[in-house]
Amino acid sequence: MCLPALAALPGLGGAGAATAAGATAAGATAAANTLTTLGTVIGVGGSLLSGIQGAQSARAQAAALEQQAQDEAALNAAQDRRERQQFRSQLAQQRAEIAARGVSADSVTALALGQSAAREMSFQSQATRSAGTARRAELTSAAQAARAGALSSILRGTVSAADSFLTAAPDIWPSLKGVT
C-alpha cells in the first residue's frame, strides 16, 4: 500500500511544479506588461514634456526679442535726437561765424548754407530712423518666428507622444496585434 502512495507523490509533485511554473510565467508576463506600460507612459510623458519645454524656451526667446526691439526703438529715437541737436549746434556755430564776418543772416550765402545744413540734418535723421525701423522689423520678425517655433515644438511633442503610444499599443494590448 505504501507503493501506490509513493508513486502518487512524484506525480503530485510534478503537477505542483507545473502549477508553480505557470504562476511564475503569468507573473512574469504581468510584470513585463506593467513595465511596457510604464515605459510607454514615460515615453509619452517625456515627449510631451520636451514639447512643452521647447515651447517655453521659444516663448521666452520671442519675449526677449520683443524687448530688444523696444529697447532699440528707444535707443534709435535718442540717437536721432542727439544727431539733430548736434546739427542745430553746428548750424548755430555756422551762423555765429557768418555774423562775425559781417555777413547778414538773410543774405543769399547765409540762406544757402542754412538750407544745405537743414537738408543734411533731415537726410541724416531719416537715415537713422530708417535703420531703426529696419532693425525693429527684423527683431519683430524673429520674435514671430520664435512664437511659431513654440507652436511647432508643442505639435512635435504631441506627435512624438502619439507615435510612442501607438507604437507600444500592441504590446500593451496584445489583442490589437492582428488589427490593421
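Residues 24 or more positions apart account for 85% of the chain's contacts that have a separation of 6 or more. Keep that in mind as you work through this predicted model.

**Exercise 1. Find out how many helices and strands the chain has, and what share of its residues is buried.**

Step 1: Start with the elements. The chain contains two helices and zero strands. Helix 1 covers residues 2-100, and helix 2 covers 108-172.

Step 2: Turn to burial. Of the 180 residues, 17% count as buried.

**Exercise 2. Work out which residues form the largest nonpolar core, and which elements give two or more residues to it.**

Step 1: List the members. The core has six residues: Ala-62, Leu-65, Ala-69, Leu-139, Ala-143 and Ala-146.

Step 2: Assign them to elements. Helix 1 and helix 2 are the elements that each give two or more residues to this core.

Step 3: Follow one member. Leaving aside residues up to four places away in sequence, Leu-65 touches Leu-139, Ala-142 and Ala-143.

Step 4: In soluble globular proteins, nonpolar side chains tend to be buried together.

**Exercise 3. Decide whether Ile-98 is buried or exposed, and find which residues it touches.**

Step 1: Locate the residue. Ile-98 is part of helix 1.

Step 2: Apply the cut-off. Buried means under 20% relative accessible area. Ile-98 has a relative accessible area of 12%, so this residue is buried.

Step 3: Name its partners. Beyond residues up to four places away in sequence, Ile-98 touches Val-103, Ala-110 and Leu-113.

Step 4: Take a distance. Ala-110 is twelve residues from Ile-98 along the chain, and their C-alpha atoms are separated by 7.2 Å.

**Exercise 4. Glu-83 is buried; find which side chain of opposite charge is nearest, and which side chain joins Glu-83 in a polar contact.**

Step 1: The nearest side chain of opposite charge is Arg-82, at 5.8 Å. A salt bridge needs the nitrogen and oxygen atoms within 4 Å, and Glu-83 has no salt bridge.

Step 2: Look for a polar partner. The side chains of Glu-83 and Gln-124 are joined by a polar contact of 3.4 Å.

Step 3: Complete the surroundings. Glu-83 touches Gln-124 and Thr-128, not counting residues up to four places away in sequence.

**Exercise 5. Find how many salt bridges the whole structure has, then trace the network that includes Arg-135.**

Step 1: Side chains of opposite charge can pair when their charged atoms come close.

Step 2: Count. The whole structure has four salt bridges.

Step 3: Take one of them. Arg-147 pairs with Glu-66, with the closest N and O atoms 2.2 Å apart. Arg-147 lies in helix 2 and Glu-66 in helix 1, so this pair ties together parts that are 81 residues apart in sequence.

Step 4: Move to Arg-135. This residue forms a salt bridge with Glu-72, the closest N and O atoms being 3.1 Å apart. Because Arg-135 lies in helix 2 and Glu-72 in helix 1, the pair ties together parts 63 residues apart in sequence.

Step 5: Find the other partner. Arg-135 also forms a salt bridge with Glu-138, again with closest N and O atoms 3.1 Å apart. Both lie in helix 2, three residues apart, about one turn of the helix.

Step 6: Join the pieces. Glu-72, Arg-135 and Glu-138 are linked in a network of salt bridges.

Notes
Residues are numbered from 1 along each chain as its sequence is written. This is a predicted model: local features need pLDDT of at least 70, side-chain atom pairs count only at pLDDT 80 or more; totals for chains, interfaces and linings use all residues. Side-chain values use heavy atoms; hydrogens and water are left out. Helices (H or I, at least four residues) and strands (E, at least two) are DSSP runs, numbered from the N terminus. Buried means under 20% relative accessible area, exposed over 50%, partly exposed in between (1.4 Å probe, protein chains only). Contact means heavy atoms within 4.5 Å. A nonpolar core is a set of buried Ala, Val, Leu, Ile, Met, Phe, Trp, Tyr and Cys residues joined through side-chain atoms within 4.5 Å. Lys and Arg count as positive and Asp and Glu as negative; His and the chain ends are not counted. A polar contact is a pair of N or O atoms within 3.5 Å; within protein, one must be able to donate a hydrogen and the other to accept it, and residues adjacent in sequence count only if both atoms are side-chain atoms.
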